[in-house]
Amino acid sequence: MHKLKRSTVVTLGMAAALAASVVTSSPAMAASSPITICGGGSYHVIDSHALGSYATIYLLYNGSTNCVVTVKKGAYAGNTKYVDAYLTRSDLNYTKIDHGYFKYYAGPVKISAAGKCVKWGGVYDAQGWTSGWGHCN
């Protein structure tokens, strides 16, 4: 009886560890989509700009709010090079930014921008890009 209980506990412990690893890996896998990073729902990609083969900056919109993410690509995903994503609205005096040494992406950076123009961009390591004013929804 004692051996049966111990093996049951070990089996349950292994099952819990396996379940935890699935839960831990699922968000990282799901977050590879710009739509998922911005929160899903009605967001859709309205523009993008590649930073060479390193990363892509995405601008998304959901009818009222813009969202920017910079997603590392291919072999560059998972490294710890500096990356950022930024966004500003035409009538604001500041730029919202998310920056750091992230493994997969920077962002989401969101601004309510219905009826306003936005400027957006991002950086991977030393390579960056900024749009002009546009997407005046």
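Guide: Pro108 lies in strand β6. This is a predicted model. The peptide bond from Gly107 to Pro108 is cis, with omega near 5°. Most peptide bonds are trans. Strand β6 covers residues 105-112 and runs antiparallel to β3, with six bridges joining them.

Is strand β3 enclosed by the rest of the structure, or open to the outside? Eight of the eight residues of β3 (residues 65-72) are buried, so the strand is largely enclosed by the rest of the structure. The cut-off for buried is under 20% relative accessible area. Both faces of β3 follow this pattern. Thr65, Cys67, Val69 and Val71 point one way. Asn66, Val68, Thr70 and Lys72 point the other way, and all of these are buried too. For scale, 31% of the 137 residues of the chain count as buried.

Now the other neighbour of β3. Strand β2 (residues 55-61) runs antiparallel to β3, and seven bridges join the two. Tyr58 has Val69 of β3 as its bridge partner. The two strands form a hairpin, with three residues between them. Gly63 sits in that turn and has a positive phi of about 105°.

Step back to the whole chain. Its secondary structure comes to two helices and eight strands. From the N terminus on, the order is α-α-β-β-β-β-β-β-β-β. Among contacts between residues at least 6 apart in sequence, 47% join residues at least 24 apart. The chain exposes about 7700 Å², and carbon and sulfur atoms supply 60% of it.

Next, the aromatic rings. The count comes to five aromatic pairs. Tyr54 and Tyr76 form one of them, edge-to-face, at 4.8 Å centre to centre with 70° between the planes. Tyr54 lies in the loop between β1 (44-51) and β2, and Tyr76 in the loop between β3 and β4 (83-89), so the pair ties together parts that are 22 residues apart in sequence. Tyr54 is partly exposed, at 30% relative accessibility. Tyr76 is partly exposed as well, at 28%. Trp120 and Trp129 also form an edge-to-face pair, with 4.8 Å centre to centre and 70° between the planes. Trp120 counts as buried, at 1% relative accessibility. Trp129 is partly exposed, with a relative accessible area of 24%. Tyr54 and Tyr76 also belong to an aromatic cluster with Tyr124.

Most residues other than glycine have a negative phi. Asp125 has a positive phi, near 55°. Asp125 lies in the loop between β7 (118-124) and β8 (127-130). The residue is partly exposed, with a relative accessible area of 39%. His135 has a positive phi too, near 50°. His135 is found in the segment after β8. Its relative accessible area is 29%, so His135 counts as partly exposed.

Back to the strand you asked about. β3 has β2 as an antiparallel partner, and β6 as another. The cis bond from Gly107 to Pro108 involves Pro108 of strand β6.

Key: Residues numbered from 1 in each chain as written. Predicted model: local features only at pLDDT ≥ 70, side-chain atom pairs only at ≥ 80, totals over all residues. Heavy atoms only, no water. Buried < 20%, exposed > 50% of the residue type's maximum accessible area, 1.4 Å probe, protein only. Helix = DSSP H or I, 4+ residues; strand = E, 2+ residues; numbered from the N terminus. Pairing = 2+ DSSP bridges. Contact = heavy atoms within 4.5 Å. Areas by Shrake-Rupley, 256 points an atom, 1.4 Å probe, with all protein chains shown as cover. Phe/Tyr/Trp six-rings, centres within 6.5 Å; stacked < 30°, edge-to-face > 60°.
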